[in-house]
Amino acid sequence: MDYENQSSYPSGEPGKEWPCLRQFCVFMENRVGYLHQLLKLLEKFDLRIIALSTVDSVDVAMSRIVLDNYERAREIFELSGYTFFEKDLIGVELPDDTQPYMRICLSLLQAEVNIDYTYPLLYRRHGRGAIALCVDDIDLGIRTLTEQGHRIITEKDLKDDDEYLL
């Protein structure tokens with residue numbers, strides 16, 4: 001599945017049908033209040049944080065952030081001078097299973113797709129939560145999960161109805 005040659009490639013339109021979520025990796029000094037400043041900036045522009053994961057060291061911190069409108073977020077990061085880069089992730093709804101994480105991981109393992117990292121999304125629909133997955137082959141990961149009956153979450157899902165977002 002080559003999404004780069006399809007018309008559904010990210011077009012800058014809110015709620016696009018691109019089958020990925022966009023993650024921002026934002027770098028900042030590891031100092032008291034810096035994360036708070038970043039979150040205040042995002043809140044000021046009415047961006048909803050769907051996921052946040054922070055890794056820190058003695059001097060620097062990196063926050064991985066998924067927001068409900070990646071085009072607007074990119075513009076804010078660029079204008080505010082933050083050092084950041086973007087990465088596509090797979091958003092997947094947890095299946096109705098006694099071991100939903102195991103089922104997702106097994107699907108990817110059988111296709112030999114490596115999971116680099118994962119974290120939960122503040123998302124709930126049909127009584128199910130969701131996770132973000134960073135994988136080594138996003139096209140194969142999406143195809144595999146879809147073929148195995150997993151529901152892929154797009155940015156459009158983050159905008160459809162606020163009652164589904166926590």
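Me: Where is the place of aspartate 46?

Reply: In this predicted model, aspartate 46 sits in the loop between α1 (34-44) and β2 (49-56). Its phi is near 55°, which is a positive value in a residue other than glycine.

Me: Why is aspartate 46 called exposed?

Reply: The relative accessibility of aspartate 46 is 65%, and exposed stands for values over 50%, so aspartate 46 counts as exposed.

Me: What makes glutamate 112 exposed, and where is glutamate 112 found?

Reply: Glutamate 112 is found in the loop between α3 (100-110) and β5, and because its relative accessible area is 71%, against a cut-off of over 50%, the residue is exposed. Glutamate 112 also has a positive phi of about 60° although it is not a glycine.

Me: How do you know that aspartate 88 forms a salt bridge with arginine 22?

Reply: The closest N and O atoms of aspartate 88 and arginine 22 are 2.8 Å apart; the label requires a side-chain nitrogen of Lys or Arg within 4 Å of a carboxyl oxygen of Asp or Glu, and therefore the pair is called a salt bridge. The two partners belong to distant parts of the chain, with aspartate 88 in strand β4 (residues 83-93) and arginine 22 in strand β1 (residues 21-29), 66 residues apart.

Me: Why is arginine 22 called buried, and why is aspartate 88 called partly exposed?

Reply: Buried means under 20% relative accessible area, so arginine 22, at 13%, counts as buried. Aspartate 88, at 23%, counts as partly exposed, because that term covers what lies between the 20% and 50% limits.

Me: Which residues are linked with Arg22 and Asp88 in a network of salt bridges?

Reply: Glu71, Arg74 and Glu86 are linked with Arg22 and Asp88 in that network, and the structure holds 10 salt bridges.

Me: Are arginine 125 and aspartate 157 buried or exposed?

Reply: Arginine 125 has a relative accessibility of 6% and aspartate 157 a relative accessible area of 8%; buried means under 20%, so arginine 125 counts as buried, and aspartate 157 is buried as well.

Methods. Residues numbered from 1 in each chain as written. Predicted model: local features only at pLDDT ≥ 70, side-chain atom pairs only at ≥ 80, totals over all residues. Heavy atoms only, no water. Helix = DSSP H or I, 4+ residues; strand = E, 2+ residues; numbered from the N terminus. Buried < 20%, exposed > 50% of the residue type's maximum accessible area, 1.4 Å probe, protein only.
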